[in-house]
Amino acid sequence: GGASGDASLDALHVALELCRESPDNFAPKLAARIELVFRDVDLLEYRDAARLAQWVALFLNNTNFVWPYWTYWADALADAPPDDPQRRFLVSLLDAAARVSYLDRIKCATGFPETLHAYLPPEPNLADAPDDLVAAASPADLAAALDDDDDDDDGDVPTAGDEKPAGPLRAALRALDEPARCATVLRAALGAGRATVSHALAALDHLAAPLAALARGDDDCEAACVDAVARAWDTSTFHATLALDALVRRGVLRPRALAVWLSAEHNDSRFALAKLAESTAPLHFLDVAVDRSLDLLAAALHVDDPDLIAAQTDEAAEVALDLFARLVAKLHAVHSRDPTDQWALAATSVLYDLAKRYARAHHGLLELSRRSAPARPLPDLLAAINLNTAVLHDGIHPDLVAHLLANFRLP
């Protein structure tokens with residue numbers, strides 16, 4: 001067949017074909033080369049290691065997860081700390097594998113030791129909604145209850161004959177403040193749709209309009225929605241990312257709400273930017289925030305609506321500003337203590353990768369996998385946010401900022 005347009009997928013197809021044609025020659029040599037890279041994975045850029053982990057996961061999914069080095073890797077990582085680069089690589093690999101396969105298939109693979117089960121994401125558990133009545137409700141009933149609730153939020157006192165029957169479900173939701181209401185309803189809907197991806201998307205379709213009316217534009221409500229998804233699907237990066245992407249595409253969440261949540265202080269989720277050293281899971285949430293903000297801007301340019309273009313430019317710039325400013329601020333604090341800190345190395349790699357992505361967007365070069373609108377040059381968002389001003393505060397050392405800014409453009 002012809003090229004896919006994605007170099008990594010083309011390489012995967014070639015590798016699988018060569019393994020099929022030469023199982024006793026090429027396959028062992030490929031495994032040995034990957035093992036050699038694994039030994040020195042700390043020398044790879046953070047993003048490059050994440051991409052390699054994804055590639056190896058796809059390769060293993062096509063070979064029934066048969067791998068000659070499972071036991072060796074398990075022994076090598078027995079006492080490794082959470083931020084060890086090899087451990088992070090293996091966690092990212094198995095997380096990616098769980099997104100394209102299912103856990104029992106991986107666990108039962110020939111030669112896969114039980115000691116590696118701890119590195120696999122556990123089975124999700126979405127049954128523990130705060131209220132049994134809410135947990136048992138269908139997405140359609142939840143949407144109707146939210147619709148009724150929104151109608152009464154204008155503060156008007158209903159006149160005789162205008163009252164709606166409260167109903168137990170609506171009463172249960174009314175007992176919660178708005179952020180808790182958003183989180184409870186969303187968690188219940190995700191639980192109802194946990195059977196398949198199609199069920200999850202159908203549940204979100206039911207809730208999109210009333211949940212958007214309640215949450216969109218309210219910082220606390222949007223943060224509660226992101227947190228609900230992250231907690232409900234803490235064990236599945238694929239499902240959590242899919243749900244957040246769907247909520248942004250359906251207008252429930254702004255991309256900036258996700259960017260703010262990612263870098264919020266005291267966020268202990270494994271998807272938070274604070275956990276970059278332990279896993280690559282935060283990258284998937286970050287990609288939703290950045291890619292969807294750029295996608296919405298490209299769509300606004302396509303319809304040529306000046307007001308919409310201005311609004312989406314502001315939204316995309318706020319996403320960029322939030323991610324860059326907060327990453328650089330924390331990077332300064334960590335870097336000043338230990339330049340070899342694993343989080344600092346990971347954050348620096350993420351910053352460089354983000355800068356290249358924004359530069360590619362400005363030149364109309366975003367990859368097809370990162371956009372749904374036609375490729376077109378976008379505004380220079382890094383110039384728009386005045387990065388020097390954004391990060392030169394609170395004593396951040398100018399030399400560090402200059403070092404970072406020097407890499408914030410494509411060669």
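**Cysteines**

I looked for disulfides, meaning pairs of cysteine sulfur atoms within 2.5 Å, and the count came to 0. Cys182 is in no disulfide, and its nearest cysteine sulfur, that of Cys221, sits 3.9 Å away. I then checked burial (buried is under 20% relative accessible area, exposed over 50%, partly exposed in between, with a 1.4 Å probe and protein chains only). Cys182 has 0% relative accessibility, so I put it down as buried. Cys108 comes out at 68%, so it counts as exposed.

**Ground rules**

I note that this is a predicted model, where local features need pLDDT of at least 70 and side-chain atom pairs count only at pLDDT 80 or more, while totals for chains, interfaces and linings use all residues. Residues are numbered from 1 along each chain as its sequence is written, and side-chain values use heavy atoms, with hydrogens and water left out.

**Cores**

Next came the nonpolar cores (sets of buried Ala, Val, Leu, Ile, Met, Phe, Trp, Tyr and Cys residues joined through side-chain atoms within 4.5 Å). The largest has 85 residues, and Leu276 and Tyr358 touch the most other members. Leaving out residues up to four places away in sequence, I found Tyr358 in contact with, among others, Val290, Phe324 and Leu382 (contact means heavy atoms within 4.5 Å). A second, separate core holds 36 residues, including Leu12 and Phe89.

Which residue lies 9.9 Å from Arg326, C-alpha to C-alpha? I found Glu265, 61 residues apart from Arg326 in sequence. Glu265 is exposed because its relative accessibility is 64%.
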